[in-house]
Number of protein chains: 2
Amino acid sequence: MPNRKTVELFFDIGSPYSYLAATQIEAVAAGTGARVRWRPFLLGAVFKATGNEMPARVAAKARWMLDDLARWAARYGVPFKMASRFPLNTLRTERALTAAARLNGEEAIGPFALTLFRGYWVEDKDVSSDEEIRAAAKAVGLDPDAVVAAIDSPEIKDALRATTDEAVRRGAFGAPTIFVGDAMFWGNDRLDLVEDELRRGD
Amino acid sequence: MPNRKTVELFFDIGSPYSYLAATQIEAVAAGTGARVRWRPFLLGAVFKATGNEMPARVAAKARWMLDDLARWAARYGVPFKMASRFPLNTLRTERALTAAARLNGEEAIGPFALTLFRGYWVEDKDVSSDEEIRAAAKAVGLDPDAVVAAIDSPEIKDALRATTDEAVRRGAFGAPTIFVGDAMFWGNDRLDLVEDELRRGD
């Protein structure tokens, strides 16, 4: 495949719609011959940079979101349980994901992310804690000590900041944000449009 | 059909995603044996009541929405042109729609709404003006004088307020808002979920 397309998924483990999109993105890519780049970023920093706010800030929207999330989970056939710790400060979690790429290559991010997503959005764990970060790292064959040690390194802090800045510079204001080249898509609910874009002739 | 389901579409002519949903809702209903209730409401009042804000308030989101709207229009095969007068104060427009139901029955709303939507989101007209309201009324067989005269009547003012209050009481915070019984769906992008709900066994 000389022109194999890439779909970039900018995500934050603390975002429920990022979780939903994360459960589907590899299938969307596989079905269209594309590959996924998993791009951990910090949603709180995106909100701050763009003046956007958490959707759950509006009480009526927060109430509706519980139904909406359950409907999408049912449609996808994936488990979902509203996290009791929400919103969660995912700074260390997103740094750990960033560290995984440095330690084992970018392909290490996807499985690690899916494990952390499941920990937070299915098993109701505190995935910002070193304990859960270690457990998730171990489960996907990463060195837990190396991941946790890297979280506080300037290199990893800078790398996460750079990814977040890049997303904002390219137009992101929420999560998940999905790119196919320059075409930007916001939200789990845009996966059909992402698929259209991936199927488009080169 | 003893248990014919009803899908209620709460919409504001000033909302581009309401326009997109309006172009599809009759087909969604027809495909599932349901009927549509067209419910004009005032989105500005919903925002005020719920503390929600226009999505376009965030500059990055406003930029993305232009692409997003064009993509949905292409997917549906319907024309779309960003309105040069946006946002529009649609108070008189939504009252005119409310008046149509009083004058010619609730079935008069759908065709009138689609004509006004097209005026605003395709032909870039000022559909808050009496002139355009008259023209749209005439095009769908409503009495233009009666419609415009009704706009300022206390009965119509109260009726629009009641519909808006009802939507907020039932959980709405934006537009379009779609109900199938008590199940609420926000957004054009939830039409697939609405269809699932309509197909569900009674």
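Two strands pair if DSSP finds at least two bridges between them, and helices (H or I, at least four residues) and strands (E, at least two) are themselves DSSP runs, numbered from the N terminus. The structure is a predicted model, in which local features need pLDDT of at least 70 and side-chain atom pairs count only at pLDDT 80 or more, while totals for chains, interfaces and linings use all residues. Residues are numbered from 1 along each chain as its sequence is written, and chains are lettered from A and ligands numbered from 1 in the order in which they are written.

**View 1. Strands β1 and β2 of chain B run parallel.** Strand β1 (residues 6–11) of chain B is joined to strand β2 (residues 35–40) of chain B by six bridges. Within this pairing, B:V7 has B:V36 in β2(B) as its bridge partner. Together with helix α1 (residues 16–31) of chain B, the two strands make a right-handed β-α-β unit, where right-handed means that, with the strands pointing away from the viewer, the path from the first strand over the helix to the second runs clockwise.

**View 2. Helices α1 and α5 of chain A pack at an angle of about 130°.** The axes of helix α1 (residues 16–31) and helix α5 (residues 109–121) of chain A lie 10 Å apart; axes are lines fitted to C-alpha atoms, for helices over the stretch in contact, and angles run from 0 to 180 degrees between N-to-C directions. Because of this angle, α1(A) is oblique to α5(A) (angles under 35 degrees count as roughly parallel, over 145 as roughly antiparallel, 65 to 115 as roughly perpendicular and the rest as oblique). On the side of α1(A), the residues A:P16, A:Y19 and A:A22 meet A:A113, A:L114, A:F117 and A:W121 of α5(A), two residues being in contact if their C-beta atoms, placed from the backbone, lie within 7 Å. By class, this contact has seven nonpolar, no polar and no charged residues (Ala, Val, Leu, Ile, Met, Phe, Trp, Tyr, Cys and Pro count as nonpolar, Asp, Glu, Lys and Arg as charged, and the others, Gly among them, as polar).

**View 3. Helices α4 and α8 of chain A cross at roughly 105°.** The axes of helix α4 (residues 91–104) and helix α8 (residues 154–169) of chain A come within 9 Å, and the crossing angle makes α4(A) roughly perpendicular to α8(A). Residues A:E94, A:R95, A:T98, A:A99 and A:R102 of α4(A) make the contact with A:I156, A:K157, A:A159 and A:L160 of α8(A). Four nonpolar, one polar and four charged residues take part.
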